[in-house]
Amino acid sequence: MPAHRTPRAPGTALAAVTALVLAAGLTGCSDDSSPESVVSGAASAASSLASKAGDTLASASAEAGKKLDEVKNGVDVKGDVRLGKPATDSQGRTTVQVTAANTDDKKRSFAVQVDFEQAGGGLLDVVVVTVPDVAAGGTGKATARSTHKLSGDVKTYVGRALRY
């Protein structure tokens, strides 16, 4: 991963990021604010609401970070998460394998924000994927899938990763 990434400009990922923010905010208002419910709501709504955008990409990305900060007992473990090589599935969406290493002494789950970017650095999409119930000292895998078809040379990065 490069040490410096180019600044993100508004683009087609705006809808997905805004959906993530809206989902996390709505889930946070409910009585059930467990890490699982916050992450699950954010992940599913990011996919289903991807076409309903309204804020700038920069502020939406910042708000998504704030909402992930609200996950109770979440520990930043970005360095414990690796992404495979992006591929295109049978429906034309970009996928990438997410591998999370649990360095804790208890079974834990992970919430991973995956950023899909153009080779030149423009943000195309953002998704949140969970890697549930990873054994102590073990690794778990999940697949992140873009919310829509992406074209060109797509790169993926771990935007955030929380262990809870």
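This is a predicted model: local features need pLDDT of at least 70, side-chain atom pairs count only at pLDDT 80 or more; totals for chains, interfaces and linings use all residues.
**Exercise 1. Salt bridges across the structure**

Find out how many salt bridges the whole structure holds, and say which residues form them.

*Solution.* 
Step 1. Start with the total: a search of the whole structure gives three salt bridges.

Step 2. Now take the pairs in turn. Aspartate 89 bridges to arginine 145, with 2.8 Å between the closest N and O atoms. This pair ties together distant parts of the chain, as its two residues are 56 residues apart. Aspartate 89 lies in the loop between strands S3 and S4, while arginine 145 belongs to strand S7 (residues 139-149).

Step 3. Aspartate 104 and arginine 108 make another salt bridge, with an N to O distance of 2.6 Å.

Step 4. That leaves aspartate 153 and lysine 155, whose side chains meet at 3.5 Å, N to O.

**Exercise 2. Buried or partly exposed?**

*Solution.* 
Step 1. Recall the cut-off: a residue is buried when its relative accessible area is under 20%.

Step 2. Aspartate 89, at 23%, is partly exposed, and arginine 145 is partly exposed at 31%. Aspartate 153 is partly exposed at 47%, and lysine 155 is partly exposed at 33%.

**Exercise 3. Strand S5 and its neighbours**

Work out why strand S5 (residues 108-118) is largely enclosed, and which strands it pairs with.

*Solution.* 
Step 1. Look at burial: nine of the eleven residues in S5 are buried, and therefore the strand is largely enclosed by the rest of the structure.

Step 2. Look for a partner. S5 runs antiparallel to strand S6 (residues 123-134), and nine bridges join them. For an example of facing residues, find valine 112, which stands opposite valine 129 in S6.

Step 3. Follow the chain between these two strands. S5 and S6 make a hairpin with four residues between them, and glycine 121 in the turn has a positive phi of about 110°.

Step 4. Look for another partner. Strand S8 (residues 154-163) also pairs with S5 in the antiparallel sense, over nine bridges. Here glutamate 117 has lysine 155 as its bridge partner.

Technical notes: Residues are numbered from 1 along each chain as its sequence is written. Side-chain values use heavy atoms; hydrogens and water are left out. A salt bridge is a side-chain nitrogen of Lys or Arg within 4 Å of a carboxyl oxygen of Asp or Glu. Buried means under 20% relative accessible area, exposed over 50%, partly exposed in between (1.4 Å probe, protein chains only). Two strands pair if DSSP finds at least two bridges between them.
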